[in-house]
Amino acid sequence: MRIVVTVKYVPDIASDRGFQDCRVVRTPAEGTINELDENAIEAALQLVEAAGEGEVVAVSVAGPDGAVALRKAFQMGAHRGVLVSDDALAGSDYFGTAAALAATVERLNADAPVDLVITGMAALDGLGSVVPTLLAAHLGWPALNLAKKVALADGAVTITREADDVTEELSARLPLVLSVADTANKPRLPNFKLIMAARTKEYETWSAADLALKPDAVGQAGARTETLSAAPRPPRDEVELVTDKGEGGKALAAFLIRNDLV
Ligand SMILES: Cc1cc2nc3c(=O)[nH]c(=O)nc-3n(C[C@H](O)[C@H](O)[C@H](O)COP(=O)(O)OP(=O)(O)OC[C@H]3O[C@@H](n4cnc5c(N)ncnc54)[C@H](O)[C@@H]3O)c2cc1C
């Protein structure tokens, strides 16, 4: 069982985030793994453990600091890491990112078959939730999205997903791309041994040329969308706190009338 897990390097959601030239500012001090990708790593580790053998390869498309995301994957138990990093990839949009991830999977697949690619349900900075499906389209593999439960048997993956008022059960044969919901599992806490080993564990760095990526398929040149502006949301208006001493209802009604909310 050989599983590729995609892990995105994102600004910590608890940090003050900023933009420069319409791009998210990424600093090593505040960069971390996309939290939702920990669910993907956990799902991959569980499948390999259940199979009794296999390899989990973490892949990140990012600048050099993206190694932070790979180290987190190592801490949880990923066996191998690939950082796809190249100036030519800067400014990639969803399509460029998916193209780079697909080329990475194809190269890994050429060495030894990849059975499954597992992704998170969204990247907490871009929030596109489209990369898994685009990646599957590039590879020509089926996509099973937003899995809440994952089961593997007889060369097929069956998932349960919640869609509005419906609980769906879907199945597809390997190889495929699977995105897991944040409710799919509880990511494990790394143990001391893995944390220590992850500090010095080596990962590979592949360039756009290593993946034979066409210059017009990735980076700014390949972006089909243009970010016209990006600015932090203005702070919220002052909050009006009313201590209810028996007149709370009246104060609430007055507030609604004052703000034209009725
Ligand atoms: C015009 C434009 C310019 C941009 N410029 C930059 C830029 O210069 N630098 C930059 O970092 N971003 C840039 N972005 C944002 C970046 O391209 C998106 O974050 C990217 O397309 C992925 O989309 P998403 O974050 O919405 O992923 P989603 O679709 O929400 O991600 C779903 C899952 O896909 C996987 N995934 C997504 N992205 C990656 C990745 N990079 N590596 C590994 N796994 C991944 C993760 O498992 C994630 O949980 C730009 C976007 C646009 C539109």
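This is a predicted model: local features need pLDDT of at least 70, side-chain atom pairs count only at pLDDT 80 or more; totals for chains, interfaces and linings use all residues.

1. Start at one residue pair. K149 stands opposite T160 in β11. β10 and β11 pair in the antiparallel sense, with 5 bridges.

2. Now the next strand along. β11 covers residues 156–163 and pairs with β12 over 8 bridges, again in the antiparallel sense. V157 faces A172 of β12 in this pairing.

3. What is the order of the strands in the open sheet? It runs β10-β11-β12, 3 strands with antiparallel pairing. The edges are β10 (149–153) and β12, each of which pairs on one side only. On average, neighbouring strands of this sheet are turned by 20° against each other, direction ignored.

4. Is β12 well covered or hardly covered? Strand β12, residues 166–173, is hardly covered. Of its 8 residues, the number that are buried is 0.

5. Look at the turn of this hairpin. There are 2 residues between β11 and β12. D164 lies in that loop. Its phi is positive, near 50°, and D164 is not a glycine. Most residues other than glycine have a negative phi. D164 counts as exposed because 5 other C-beta atoms lie within 10 Å, and the cut-off for exposed is 12 or fewer.

6. Two further backbone points deserve a check on screen. S129, in the loop between β8 and α4, has a positive phi near 55° although it is not a glycine. S129 is partly exposed, because 17 other C-beta atoms lie within 10 Å. The peptide bond from L174 to P175 is cis, with omega near -5°. P175 sits in the loop between β12 and β13. Most peptide bonds are trans.

7. Helix α4 has a buried side. Which of its residues are buried? They are V131, P132, L134, L135, A136 and L139. The cover over these residues includes α3, β8 (116–119), β9 (143–147) and β13 (176–180). After α4 comes G140, with a positive phi near 75°.

8. L101 belongs to helix α3. Why does L101 count as buried? The reason is its 27 C-beta neighbours inside 10 Å, where 20 or more is the cut-off. Beyond its neighbours within four places in sequence, L101 contacts T6, V59, V61 and L135. L101 and V131 are 30 residues apart in sequence, yet their C-alpha atoms are 9.0 Å apart.

9. Next, the ligand. How many residues surround it? There are 33, and the closest are G120, A123, G126, G128 and V131. Four elements each supply at least two residues of this shell: α1 (37–51), β6 (55–61), α3 (94–111) and α4 (131–139). By type, the shell divides into 14 nonpolar, 13 polar and 6 charged residues.

10. Elsewhere, two helices pack together. Two packed helices are described by the angle between their axes and the distance between the axes. For α2 (residues 67–76) and α5 (residues 192–200), the axes come within 7 Å and cross at roughly 145°. The crossing is right-handed. R71, F74 and Q75 of α2 meet L194, I195 and A198 of α5. The residues of this contact divide into 4 nonpolar, 1 polar and 1 charged.

11. Last, the chain as a whole. It has 7 helices and 14 strands. Of its 262 residues, 38% count as buried. The C-alpha trace spans about 70 × 40 × 40 Å along its principal axes. Among contacts between residues at least 6 apart in sequence, 72% join residues at least 24 apart.

Conventions. Residues are numbered from 1 along each chain as its sequence is written. A residue is near a molecule or strand if its C-beta atom, placed from the backbone, lies within 6 Å of it. Ala, Val, Leu, Ile, Met, Phe, Trp, Tyr, Cys and Pro count as nonpolar, Asp, Glu, Lys and Arg as charged, and the others, Gly among them, as polar. Two strands pair if DSSP finds at least two bridges between them. Axes are lines fitted to C-alpha atoms, for helices over the stretch in contact, and angles run from 0 to 180 degrees between N-to-C directions. Two residues are in contact if their C-beta atoms, placed from the backbone, lie within 7 Å. A crossing is left-handed if the near helix is turned anticlockwise from the far one by less than a right angle, and right-handed if clockwise.
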